[in-house]
Amino acid sequence: MSAVSQAKRIVVKVGTSTLTYENGKLNLRRTEELCKVLSDLHNSGLEVVLVSSGAVGVGMGKLGIKERPTETEKKQAIAAVGQCELMFMYDKLFGEYNCMVAQVLLTADVTASENSKRNVENTFRELLNMDIIPVVNENDTVSIDELDGPHFGDNTLSAVVAKLVGADLLIILTDIDGLYDTDPRENPNAKHIPYVTHITDEIKALAGDAGTNRGTGGMVTKIRAAQIANEAGISCCVMSGTHPKNLYQLLDGVQIGTTFAAL
């Protein structure tokens with residue numbers, strides 16, 4: 001756990017199911033607590049980058065849409081509404097703790113060329129140098145990779161961002177407290193796996209399917225993200241986002257969730 005407790009630059013990814021209620025509307029209490037904790041960690045000297053899902057989910061809630069649409073263009077329009085709402089809330093809530101945020105929208109091809117990759121790296125570097133917390137999301141109004149399936153999506157995006165900014169640690173906040181040997185929502189005797197030293201085919205097989213109505217991924221996409229991060233020398237922790245204050249314990253070295261060790 002030393003890699004976790006000694007981290008100085010962290011990327012925190014928060015999922016739609018953490019940010020919203022079942023009806024799709026923003027969970028204000030949890031979102032406010034998350035912003036407060038991240039602001040405090042930032043004030044303590046940590047460099048923080050937030051990767052946020054939720055544009056489609058929040059957009060659905062604001063528009064009163066209960067079922068995730070199947071048409072790509074409709075999902076793109078909903079994402080545009082939701083992204084506006086999300087950034088308004090982040091700007092307001094982080095601002096209450098005197099922390100400035102900046103919106104960064106990326107697509108899956110950001111690392112496709114050295115030129116675009118270098119431009120993004122330069123932007124992140126300057127934002128962090130200016131003591132600003134970047135808030136990153138996939139550009140859903142342009143990219144359809146996440147909207148039409150979890151091939152890329154915000155979990156993978158968080159690992160890409162962790163590589164781009166040279167993070168020490170990637171933390172994925174979700175609706176389950178780590179990896180289990182079976183689905184704990186179906187099997188009350190499921191065994192929690194606190195530490196993974198190497199992501200094998202057997203580990204991948206434990207991921208199963210995923211996805212809530214509001215989100216696009218599940219444990220399978222989180223393991224994929226952890227593998228990308230680990231191969232870049234970045235440890236990854238998947239933990240429940242129900243109580244954002246648990247981030248304090250994690251960074252103090254307490255075992256929480258599942259930690260995937262860097263290679």
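Guide: The model before us is predicted, and we can begin with helix 4, whose buried residues pack against helix 2 (16–19), helix 5 and strand 4 (133–138).

Visitor: What makes helix 4 mostly covered?
Guide: Seven of its nine residues are buried, namely A55, V56, G57, V58, G59, M60 and G61. The word buried stands for a relative accessible area under 20%. After helix 4 comes G64, which has a positive phi near 75°.

Visitor: Why are helix 4 and helix 5 called roughly perpendicular?
Guide: The axes of helix 4 (residues 55–63) and helix 5 cross at roughly 90° and come within 7 Å. Angles of 65 to 115 degrees count as roughly perpendicular, and helix 4 and helix 5 are therefore given that description.

Visitor: Which residues make the contact between helix 4 and helix 5?
Guide: From helix 4 come A55, V56, V58, G59, M60, K62 and L63, while helix 5 contributes K75, I78, A79, V81, G82, Q83, E85 and L86. Sorted by class, the contact of helix 4 with helix 5 has nine nonpolar, three polar and three charged residues.

Visitor: How many aromatic pairs does the structure hold?
Guide: The structure holds one aromatic pair. The ring centres of Y90 and F94 lie 6.1 Å apart, and the planes of the two rings are at 40°.

Visitor: Why is the pair of Y90 and F94 called tilted?
Guide: Ring centres must lie within 6.5 Å to pair, and planes under 30 degrees apart count as stacked, over 60 as edge-to-face and the rest as tilted. With centres 6.1 Å apart and planes at 40°, Y90 and F94 therefore form a tilted pair.

Visitor: Are Y90 and F94 buried or exposed?
Guide: The relative accessible area of Y90 is 1%, and under the 20% cut-off Y90 is therefore buried. F94 has 0% relative accessibility, so F94 counts as buried by that cut-off.

Visitor: What makes S240 count as buried or exposed?
Guide: S240 has 18% relative accessibility, and because buried means under 20%, S240 counts as buried. S240 lies in strand 9 (residues 235–240). Leaving aside residues up to four places away in sequence, S240 touches L173, T174, I176 and D177. The side chains of S240 and T242 are joined by a polar contact of 3.0 Å, for which the limit is 3.5 Å.

Visitor: Is N98 buried or exposed, and how do you know?
Guide: The relative accessible area of N98 is 77%, and because exposed means over 50%, N98 is exposed. N98 belongs to the loop between helix 5 and strand 3 (101–106).

Visitor: What is noted about the phi of N98?
Guide: The phi of N98 is near 60°, a positive value in a residue other than glycine. As background, most residues other than glycine have a negative phi.

Visitor: What is the phi of D131?
Guide: D131 has a positive phi of about 65°, although D131 is not a glycine. D131 is in the loop between helix 6 and strand 4, and its side chain is joined to that of H42 by a polar contact of 3.1 Å. The C-alpha atoms of D131 and N43 are separated by 9.7 Å, with the two residues 88 residues apart along the chain.

Visitor: Why is N189 called exposed?
Guide: At 66% relative accessibility, N189 passes the cut-off of over 50% and therefore counts as exposed. N189 lies in the loop between strand 6 (179–180) and strand 7 (192–193).

How values were computed. Residues numbered from 1 in each chain as written. Predicted model: local features only at pLDDT ≥ 70, side-chain atom pairs only at ≥ 80, totals over all residues. Heavy atoms only, no water. Phe/Tyr/Trp six-rings, centres within 6.5 Å; stacked < 30°, edge-to-face > 60°. Buried < 20%, exposed > 50% of the residue type's maximum accessible area, 1.4 Å probe, protein only. Helix = DSSP H or I, 4+ residues; strand = E, 2+ residues; numbered from the N terminus. Polar contact = N/O pair within 3.5 Å; in protein donor to acceptor, adjacent residues only side chain to side chain. Contact = heavy atoms within 4.5 Å. Axes fitted to C-alpha atoms, helices over the stretch in contact; angles between N-to-C directions. Parallel < 35°, antiparallel > 145°, perpendicular 65-115°, else oblique. Nonpolar A, V, L, I, M, F, W, Y, C, P; charged D, E, K, R; others polar.
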